[in-house]
Structure formats: C-alpha cells, structure tokens
Amino acid sequence: MYNKIALDFIEKNKDKLNNNNFDFFYLNPSSGVYPAEFTKIFIDANINFLDYLSYIHEGSFAQLHIYDIHIPNNITKIEDYAFYQCDINEIIILKSVKSIDKKAFSDCPNLTKVWLPKVKHLGADAFQSDNLKDIYYEGSEKDWMNLTSYHSLDYYLNPDITTVHFNSY
C-alpha cells in the first residue's frame, strides 16, 4: 500500500502518533481502516507525511476538515476521492502533478478557485462543486479541449458556474 520511503517515515514518527489507532492500522494494513482515518492521525500529530509520497492515495483526505493544504512537488498523481467533501477554499496544484482522478476534489462546498497545471489526465467530476467559480489553467483552450475531448465540459465541472481561464496559471 505505501512505498518504502513512506514506511520508513512512519516508523521514524511512530512515537508522535496516537498508538492505539496507529498500531491497529500499521500492524494490520488490510484492517479496513479508511485512508482518511489514517491521514487524520498524522494531521492530529502535526506530521507532514506528503513529502514522503509520490501520489495522494484514494480517499486520503476525504471528508476531513481541511481548509488549506500544500501539495509538495514530489506528488505526481492525485487519486479518486482524495479530497472529496473537504472544506478547502482554494487549491494550487503544482506542475509536478500529471494526473487527477475522478472526484478528487468534488463536493467541496467552500471551493471557489483552482490553479491547474497542464495535466495528462483529468478524471470525471474532478472539481465538481456548486461554488467553484474559477479554474486558472496553464494550458490553452486547445489543450483543455484535448484533455476533456472524451466528454462534454459538464462531465468535468459545472459550466453554468465555473469559468476556465486559459494560459493563466
């Protein structure tokens, strides 16, 4: 589930974690503990583990009360539902991210602005939100159309509410 760098990081920081919850997940990785519950343990311990990962795992931050987050340069992929239903206000996605899977940032009620680099993959409903006003996209309109060519624009966001600003990253 986690790469060796992440496991080394976990081992080095184990003393800072709530041992009851952490040991249960750490010793039983298939125990059914949701990734968001695991993430919350790190957040509560004030540990930034993202510097040790290359991608953000499916559901890692789902439904957590996160308002601001810094996604470091080492992250190349954001998986399904990674930040689903979070309280994020604005997102700046760094250029290292090449893939954003379905519903990665969907249903975030406070999300109004996204800075999006040219990615190779954008999953369905990645930014679906009733309040998302602006996406500042690094690429051109043609790049956007190529990225979203398999589906209509409303498959990715609500065109009645959201404006995509091209060449604006």
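Where is Tyr 81 found? Select Tyr 81 in your viewer and you will land in the loop between strand 2 and strand 3. Keep that spot in mind, as the tour returns to it at the end.

**Before you start**

This is a predicted model, in which local features need pLDDT of at least 70 and side-chain atom pairs count only at pLDDT 80 or more, while totals for chains, interfaces and linings use all residues. Residues are numbered from 1 along each chain as its sequence is written, and side-chain values use heavy atoms, with hydrogens and water left out.

**Stop 1: the whole chain**

Switch to a cartoon view and colour by secondary structure. The chain has four helices and eight strands. Helices (H or I, at least four residues) and strands (E, at least two) are DSSP runs, numbered from the N terminus.

Now show the surface. The accessible surface of the chain comes to about 9000 Å², and 48% of it belongs to carbon and sulfur atoms. Such areas come from the Shrake-Rupley method with a 1.4 Å probe; for residues, only the protein chains shown count as cover. Of the 169 residues, 47% count as buried. Buried means under 20% relative accessible area, exposed means over 50%, and partly exposed lies in between (1.4 Å probe, protein chains only).

**Stop 2**

Zoom in on strand 2 and strand 4, which pair in the parallel sense over two bridges. Two strands count as paired if DSSP finds at least two bridges between them. Select Ile 78 and look across: its bridge partner in strand 4 is Ile 100. Strands of a sheet pair through backbone hydrogen bonds, either parallel or antiparallel.

**Stop 2: strand 5 and its partners**

Move on to strand 5 (113-116). On one side, three bridges join strand 3 to strand 5, and the two run parallel. Select Ile 92 and you will find Trp 115 of strand 5 opposite. Strand 5 also pairs with strand 7 in the parallel sense, over four bridges. There, Val 114 stands opposite Ile 135 of strand 7.

Which residues lie on the covered face, and which on the uncovered one? Val 114 and Leu 116 are on the covered face, whereas Lys 113 and Trp 115 are on the uncovered one.

**Stop 3: charged pairs**

Side chains of opposite charge can pair when their charged atoms come close. The structure holds four salt bridges. A salt bridge is a side-chain nitrogen of Lys or Arg within 4 Å of a carboxyl oxygen of Asp or Glu. Here are some of them to select.

- Lys 77 and Asp 101: their side chains meet in a salt bridge (3.7 Å, N to O). This pair links distant parts of the chain, with Lys 77 in strand 2 and Asp 101 in the loop between strand 4 and strand 5, 24 residues apart. Lys 77 is partly exposed, at 29% relative accessible area, whereas Asp 101 is buried, at 11%.
- Lys 95 and Glu 138: this salt bridge has an N to O distance of 3.3 Å. Lys 95 is partly exposed, with a relative accessible area of 46%, and Glu 138 is partly exposed at 25%.
- Asp 143 and Lys 118: the closest N and O atoms of this salt bridge are 3.5 Å apart. Asp 143 sits in helix 4 and Lys 118 in the loop between strand 5 and strand 6, 25 residues apart.

**Stop 4: back to the loop**

Return to Tyr 81. Tyr 81 has a positive phi of about 55° although it is not a glycine. At 29% relative accessibility, Tyr 81 counts as partly exposed. Now select Gln 85, found in the loop between strand 2 and strand 3. Gln 85 has a positive phi of about 55°, and it is not a glycine. Its relative accessibility is 30%, so Gln 85 counts as partly exposed.
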